[in-house]
Amino acid sequence: YDTDLIWQNALRTMNLADLMKNLHLDYILPQNIGTALPTDRRIALVMHLYYEESFENNLAYIASMPSTCDVILTVASKAKAMRIRDYCDRHYQNYHIDIRIVENRGRAISALLVAAGKDLLDYDYVCCLEDRKRDMLSPQDVGYGSHSKGFDNTIATKEYVENVIHLFENSPRLGIAMPTPPNHAWYLPNFVYGWAGDLDGAKKLIHETLGLNPLPLDNAKEIIAPLNGAMWFRPQALKPLLGHEWKYEDFPEEPLKPDGTINHAIVRSCAYIAQAEGYFPAYILSDRSARTEITNLAFEDRELIRAISDTWLSYDIEDTKKNIIRGKRLGNTLLRCTRNLVSRIPLIGPSLYHLDWGV
């Protein structure tokens, strides 16, 4: 039986969250034991660099790529380009380094699609990374953790990169591979509600701008997306996105809003564009990072269950969830009844009624 027919039907009809969950499309790859690669594959690294204090740290990751690959670095000024060129000339003489100056509009997304875009269709596999300000959150290790999770699960070592490429070689329908989204500290709400306010923007991008067939997108299901700003992809899987006639004017000027822009829609649409093209996504982790991830997820799970255990903990997760939903409904009902009673208190009742009661 041609199992490819199963893939065709699943990718056409299933929500990616269900596909990822049912097929366990998560891969833990060694970062110290590699594998031989085909010599005829065209591979590229695209990295957007903005924060000068992080240049050397981020550029050090180039050493993880095969020396036969092309390295495309995008920056927003000539001065930054000169500094990066000087560093690369001293450290990466054996690599082909292409530094492209971009407009400071649209950040890493416009740099990828306008400055590199169609050029990437000439490659077999592309690694894409973006610099992010690591000390923008307090404490600073929160931002550093997100940056590390992105880079170290995408381009950790030469051996790890070999294993990622080997994964693509052995999975013809694998279109995009990315680290799992950050889920620690201030990233937790975005991990739980990854679509945020961007589902409509993603639908418009996929169906109207790119003209792809409707997909079973669902705001109630978890998003599958490279929320770390890091990914590997097969360019043919993102051909509608890469081949579109993008202009810098298509992207918002600075300051960029925290949500609801074309940038946010594009990031959240990448895996679904690949799905529309007949490819599946996957999460990838290095074996070293996987140890940390297991510890963190166990901690989060345990602490959340402890927080609710006194009132709602039951014999399994499904029954516990039902208890929480019932408890919240009862609590909200009691609050509404109390608010209605309070509203009848002479003089101060109306004012108390319009306070935020959380219902």
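Exposed means over 50% relative accessible area, buried means under 20%, and partly exposed is what lies in between. Keep those cut-offs handy for the exercises below, and remember that this is a predicted model.

**Exercise 1. Take the salt bridge between Lys118 and Glu245: which parts of the chain does the pair link, and is each residue buried, partly exposed or exposed?**

Step 1: start with the contact itself. The closest N and O atoms of Lys118 and Glu245 are 2.2 Å apart.

Step 2: Lys118 sits in the loop between helix H5 (107-116) and strand S5 (125-130), while Glu245 sits in the loop between helix H10 (239-242) and helix H11 (262-276). That's a link between distant parts of the chain, 127 residues apart.

Step 3: check the accessibility. Glu245 has a relative accessible area of 55%, so it counts as exposed. Lys118 comes in at 40%, so it's partly exposed.

**Exercise 2. Where do Asp4 and Arg173 lie, and how does their accessibility class out?**

Step 1: Asp4 and Arg173 form a salt bridge, with 2.5 Å between the closest N and O atoms.

Step 2: Asp4 belongs to helix H1 (residues 4-13) and Arg173 to the loop between helix H7 (158-170) and strand S6 (174-178), so the pair ties together parts 169 residues apart in sequence.

Step 3: Asp4, at 27% relative accessibility, is partly exposed. Arg173, at 16%, is under the 20% cut-off and therefore buried.

**Exercise 3. Which residues join Glu169 in a salt-bridge network?**

Step 1: look at the Glu169 to Arg41 salt bridge, 2.7 Å from N to O.

Step 2: Glu169 is in helix H7 and Arg41 is in the loop between strand S1 (26-29) and strand S2 (43-48), so this pair ties together parts 128 residues apart in sequence.

Step 3: Glu169 is partly exposed at 23%, and Arg41 is partly exposed at 29%.

Step 4: follow the shared partners. Asp40, Arg41 and Glu169 end up in one network. For context, the structure holds 16 salt bridges.

**Exercise 4. How do H5 and H11 pack, and what kinds of residues make the contact?**

Step 1: get the geometry. The axes of H5 and H11 are 9 Å apart, at an angle of about 65°.

Step 2: classify the angle. Roughly perpendicular runs from 65 to 115 degrees, and H5 and H11 therefore count as roughly perpendicular. Their crossing is left-handed.

Step 3: list the contact. Arg107, Ile109 and Leu113 from H5 meet Asn263, Ile266 and Val267 from H11.

Step 4: sort the residues of this contact: four are nonpolar, one is polar and one is charged.

Definitions and conventions
Residues are numbered from 1 along each chain as its sequence is written. This is a predicted model: local features need pLDDT of at least 70, side-chain atom pairs count only at pLDDT 80 or more; totals for chains, interfaces and linings use all residues. Side-chain values use heavy atoms; hydrogens and water are left out. A salt bridge is a side-chain nitrogen of Lys or Arg within 4 Å of a carboxyl oxygen of Asp or Glu. Helices (H or I, at least four residues) and strands (E, at least two) are DSSP runs, numbered from the N terminus. Buried means under 20% relative accessible area, exposed over 50%, partly exposed in between (1.4 Å probe, protein chains only). Axes are lines fitted to C-alpha atoms, for helices over the stretch in contact, and angles run from 0 to 180 degrees between N-to-C directions. Angles under 35 degrees count as roughly parallel, over 145 as roughly antiparallel, 65 to 115 as roughly perpendicular and the rest as oblique. A crossing is left-handed if the near helix is turned anticlockwise from the far one by less than a right angle, and right-handed if clockwise. Contact means heavy atoms within 4.5 Å. Ala, Val, Leu, Ile, Met, Phe, Trp, Tyr, Cys and Pro count as nonpolar, Asp, Glu, Lys and Arg as charged, and the others, Gly among them, as polar.
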